[in-house]
Amino acid sequence: MRTSSLALLPTLPLHTPHQAPETGAPHTARHSANRTLDRLVGKAVGLLAGMLVLLASTAQAAAPMAGTNPPGFYRIMLGGFEVTSLSDGTVPSFSLQQLLTNTSPAVVSKALEREFLSDPVEGSVNAFLINTGPRLVLVDAGAAGLFGPTLGRLLDNLRASGYRPEQVDDVIVTHMHPDHVGGLMASGRMAFPNAIVHADRREAAFWLSQANLDAAPAASKDFFRGAIDSVGPYEKAGRLKLFDDGAEIMPGIRVRSTPGHTEGHTFVVIESEGRKLMLWGDLVHAAPVQFPHPAVTIAFDADSRAAAAQRAKAFEEAAREGYLVGAAHISFPGLGRVRAEGAGYRWVPLQYGVLR
Ligand SMILES: [Zn+2]
């Protein structure tokens, strides 16, 4: 609109009648008066143009609201590695009052209020893509369709971030819950057809067992089915590789066994040029509550006592060493550091930065 109002300018009467072609007559007082008049008219035209531009900008306030956010990815450099946090979406109504255990409603409410939140909260589901140079590695794969319509955005966000799923060489899963392995499949096919899937040996033995599925209570069967349906096709294609505690998956990427949340829950340690990123998987589900109170557990923990012990140990180490942390369920992009505070800890989100 601004362009069109400026385009009006050439059609305005810049040449007034007294500006008839010069006849060659000597300059007179009348000529001089005409020039003054010209300047005044020129100024008036300028003012008019300004008003038109102003009117045009006022009209722009009627633009419809865009109603979208940019694609869910955020990228940093970690030494020589490029790390991209990918959003799979959110769980819009995540009730901490219903799901947290080893706590009280008053403790949960107070911790949420301190962060200007109330129950239920909106829970992030994040995954991390690491380009080491030689290999493109995804850590966790999101839920795809297993957790409802507000999730399953990982593939779109991966593409928007500049990569294609076929380029992914390796997928390391921190554990086999549906919001971490569901995205291995897309429309009944392997979403990452050229990737090797890496998983903890005990985790695979537990979730991929038909006997465990048969013996599981009805409420848990979908968790087993989700793992079998998502990881099974990679296993059949010879693309599932199992690891044990401490294994180096490739130079700069190794795993640390942290059982508790599940049988074979795993941290993924990324290191390049003296910088370190610890990917926590599901160590934290409720940051506003569990940082100040690390002993608070969640109903999804297979062994809540062990899960709490892993959390206490991981928080202490992260606060002491000051390395960067990435987490699947801390508010997107889920990157930050940990500071000891009082009897507990505080999550310090990573400062926004332009990629260099
Ligand atoms: Zn999870």
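User: What makes up the open sheet here, and in which order do its strands run?

Analyst: Happy to start there. Seven strands take part, ordered S11-S12-S13-S14-S16-S17-S18, and their pairing is mixed. This is a predicted model, and every value below is computed from it.

User: Why are two of the strands called edge strands, and which ones are they?

Analyst: They are strand S11 (248-250) and strand S18 (344-349), each of which pairs on one side only. From one strand to the next, the twist of the sheet averages 35°.

User: Which helix packs on this sheet, and what does the helix touch?

Analyst: Helix H11 (residues 304-321) does, touching S14, strand S16 (324-326), strand S17 (335-341) and S18. Its direction makes about 95° with that of S17.

User: How do you know that strand S13 and strand S14 pair?

Analyst: Count the bridges. Strand S13 (residues 266-272) and strand S14 (residues 275-279) have five bridges between them, in the antiparallel sense. Pairing asks for at least two bridges, so S13 and S14 qualify. Across this pair, Ile 270 stands opposite Leu 277 in S14.

User: And how many bridges join S16 to S17?

Analyst: Two bridges join them, and the strands run antiparallel. The cut-off is at least two bridges, so S16 and S17 count as a pair. Gly 326 has Leu 335 in S17 as its bridge partner.

User: What joins S17 to S18, and what do S17 and S18 form?

Analyst: Six bridges join these antiparallel strands. They form a hairpin with two residues between S17 and S18, and in the turn Gly 342 has a positive phi of about 60°.

User: Is Glu 341 buried, partly exposed or exposed, and how do you know?

Analyst: Glu 341 lies in strand S17, where it stands opposite Gly 344 in S18. Glu 341 has 13 C-beta neighbours inside 10 Å. Exposed means 12 or fewer and buried means 20 or more, so Glu 341 counts as partly exposed. Glu 341 and Ala 319 are 22 residues apart in sequence, with 9.7 Å between their C-alpha atoms.

User: What about Glu 273: buried or exposed, and why?

Analyst: Glu 273 sits in the loop between S13 and S14. It has 10 other C-beta atoms within 10 Å, and the limit for exposed is 12 or fewer, so Glu 273 is exposed. Although not a glycine, Glu 273 has a positive phi of about 50°.

User: And why does Ser 187 get its label, buried or exposed?

Analyst: Ser 187 has 7 C-beta neighbours inside 10 Å; with 12 or fewer required, it therefore counts as exposed. Ser 187 lies in the loop between strand S7 (185-186) and strand S8 (189-190). Its phi is near 50°, a positive value in a residue other than glycine.

User: How do you know what span helix H9 should have?

Analyst: Helix H9 (residues 218-236) has 19 residues, and at 1.5 Å a residue it should span 27 Å. Its end C-alpha atoms are 26 Å apart, which agrees. There is still a kink of about 30° at Ser 230, shortly before the proline Pro 233. Buried residues in H9 include Phe 224, Ala 227 and Ser 230. After H9 comes Gly 238, whose phi is positive, near 75°.

User: What makes the peptide bond from Phe 332 to Pro 333 cis?

Analyst: Look at omega: it is near 5° for this cis bond. Pro 333 has its place in the loop between S16 and S17. A cis peptide bond also joins Asp 119 and Pro 120, with omega about -5°. Pro 120 is found in the loop between helix H4 (105-114) and S4.

User: Which residues touch the most other members of the largest nonpolar core?

Analyst: Among the 76 residues of that core, they are Val 139, Val 171, Leu 184, Leu 279 and Trp 280. Strand S4 (residues 121-131) gives the largest share, six residues. Beyond its neighbours within four places in sequence, Val 171 is in contact with residues including Leu 138, Leu 184 and Phe 192.

Conventions. Residues numbered from 1 in each chain as written. Predicted model: local features only at pLDDT ≥ 70, side-chain atom pairs only at ≥ 80, totals over all residues. Core = buried A, V, L, I, M, F, W, Y, C linked by C-beta atoms within 7 Å. Helix = DSSP H or I, 4+ residues; strand = E, 2+ residues; numbered from the N terminus. Contact = placed C-beta atoms within 7 Å. Axes fitted to C-alpha atoms, helices over the stretch in contact; angles between N-to-C directions. Expected span 1.5 Å × (residues − 1). Bend = angle between axes of the 7 residues up to and from the residue.
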